[in-house]
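Here is a set of exercises with worked solutions. Grab the structure, try each task yourself, then read on.

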Amino acid sequence: MKKITGLVMTLVALFTLAACGGGNDNTADSSSNAKSEDRLAAIKKAGVLKVATSADYAPFEFHTMVDGKDKIVGADVDLVNEIAKQLGVKAEVSDMSFNTVLASLKEGKSDIAISAISATKERQEQFNFTDNYYNPPQVVIINKKNQDKFTSLDALKDKNVGAQKGSIQEDVVKDQMKDAKLVSIEKVPNMVIEVNSGSLDAMVVEKTIAESYVQQNPDLMIANIDLKANEDEAFAIALPKDGSDKLQTEINKIIKKLNDEGKIDEYVQKNHELAEKSAEE
């Protein structure tokens with residue numbers, strides 16, 4: 001800044017700086033308030049709950065034809081529709097790759113993310129999560145021609161084992177199949193194709209998902225290999241870090257009510273049957 005001589009100019013400058021400083025504080029406060037805006041109130045005001053998912057994970061989220069039109073359905077979709085209903089709004093579900101579901105939430109493009117997501121410690125550093133709503137067992141899918149070959153974790157040493165990119169299954173492979181070669185793939189159907197063709201020796205996926213894909217692919221089977229269950233692998237709904245406390249509390253109440261009534265298990269079973277029916281058509 002150029003020097004200004006004279007007491008009057010100095011006082012004017014100091015006054016101006018003070019005024020600007022006050023203005024900046026107000027702006028910062030406004031920015032902070034906007035950032036920490038009550039997201040529950042914002043959702044109710046908009047009348048829409050924007051939901052990010054990756055619809056390739058039947059029976060939790062997948063595409064099927066309904067009345068001649070492609071539609072995203074699944075247990076997770078039923079859950080968010082019920083949450084939206086109890087919040088008095090409509091759910092707007094957007095399909096994207098699993099690897100970008102949480103990024104969409106961080107960028108403010110969605111209000112919540114649901115896609116069979118596990119609330120790992122790393123994810124909890126960047127997002128808030130609801131209580132767990134479903135805890136699935138993990139299994140290994142293999143080609144039937146290898147059923148006598150792949151009967152244990154040791155048998156998968158140096159073998160190519162697939163897991164969906166950005167999913168908890170990547171950690172399952174890393175932690176429980178340390179000697180296997182992890183192959184991360186964005187879409188579950190692509191992994192299924194590769195296990196079918198032999199370019200992948202096996203893949204790790206949640207049991208209900210595995211049952212759907214095995215039903216659709218007669219050359220595949222669930223291997224007789226036990227994987228350890230972990231509470232960290234349970235599914236939860238991801239929320240933004242800022243301003244989502246009231247939304248989190250409200251959704252937790254709804255999840256508890258639905259679990260107490262056995263509704264979420266019903267959603268899973270209903271959509272498992274729907275996925276099998278869709279595969280047969």
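**Exercise A.** Find Asp158: is Asp158 buried, partly exposed or exposed?

*Solution.* Start with the number: the relative accessibility of Asp158 is 48%. Now the cut-offs: buried means under 20% relative accessible area, exposed means over 50%, and partly exposed is in between (1.4 Å probe, protein chains only). So Asp158 counts as partly exposed. Then look at where Asp158 sits, which is in the loop between strand 7 and strand 8. Finally, check the backbone: phi of Asp158 is near 65°, a positive value in a residue that isn't glycine.

Before you go on, a word on the ground rules. This is a predicted model, with local features needing pLDDT of at least 70 and side-chain atom pairs counting only at pLDDT 80 or more, while totals for chains, interfaces and linings use all residues. Residues are numbered from 1 along each chain as its sequence is written, and side-chain values use heavy atoms, leaving out hydrogens and water.

*Solution.* Ala116 has 8% relative accessibility, so Ala116 counts as buried. Its loop runs between strand 5 (112-113) and helix 5 (121-124). Phi of Ala116 is positive too, near 55°, and Ala116 is not a glycine either.

**Exercise C.** Which residues are joined by a cis peptide bond?

*Solution.* Look at omega: at about 10°, the bond joining Ala58 and Pro59 is cis. Then place Pro59, which lies in the loop between strand 1 (48-53) and strand 2 (62-66).

**Exercise D.** Zoom out: how many helices and strands does the protein chain have?

*Solution.* Count the elements and you get 10 helices and 12 strands. The helices (H or I, at least four residues) and strands (E, at least two) are DSSP runs, numbered from the N terminus. Next, burial: 44% of the 281 residues count as buried. Last, contacts (heavy atoms within 4.5 Å): among those in the chain with a separation of 6 or more, 73% are between residues 24 or more positions apart.

*Solution.* Remember what holds a sheet together: strands pair through backbone hydrogen bonds, either parallel or antiparallel. Here two strands pair if DSSP finds at least two bridges between them.

Now pick out strand 8 (residues 160-164). On one hand, strand 8 pairs with strand 9 in the parallel sense over 5 bridges, and Ala163 stands opposite Ser184 in strand 9. On the other, strand 8 pairs with strand 10 (residues 202-206), also parallel, over 2 bridges, with Gly162 opposite Met203. Strand 8 is mostly covered, with 4 of its 5 residues buried.

**Exercise F.** How is helix 9 oriented relative to helix 10: roughly parallel or roughly perpendicular?

*Solution.* Axes are lines fitted to C-alpha atoms (for helices, over the stretch in contact), and angles run from 0 to 180 degrees between N-to-C directions. Helix 9 (residues 245-260) packs against helix 10 at about 75°, with the axes 5 Å apart. Angles under 35 degrees count as roughly parallel, over 145 as roughly antiparallel, 65 to 115 as roughly perpendicular and the rest as oblique. Helix 9 and helix 10 are therefore roughly perpendicular. The touching residues are Ile255, Leu258 and Asn259 of helix 9 and Lys263, Ile264 and Tyr267 of helix 10.

**Exercise G.** What about helix 8 and helix 10: roughly parallel or roughly antiparallel?

*Solution.* Helix 8 (residues 207-216) and helix 10 pack at about 20°, with axes 9 Å apart. That angle makes the two helices roughly parallel. Their contact includes Thr208 and Glu211 of helix 8 and Val268 and His272 of helix 10.

**Exercise H.** At what angle do the axes of helix 3 and helix 10 cross?

*Solution.* The axes of helix 3 (residues 75-87) and helix 10 (residues 263-280) come within 8 Å and cross at roughly 140°. So helix 3 is oblique to helix 10. On the helix 3 side, the contact uses Ala75, Asp78, Leu79 and Glu82.
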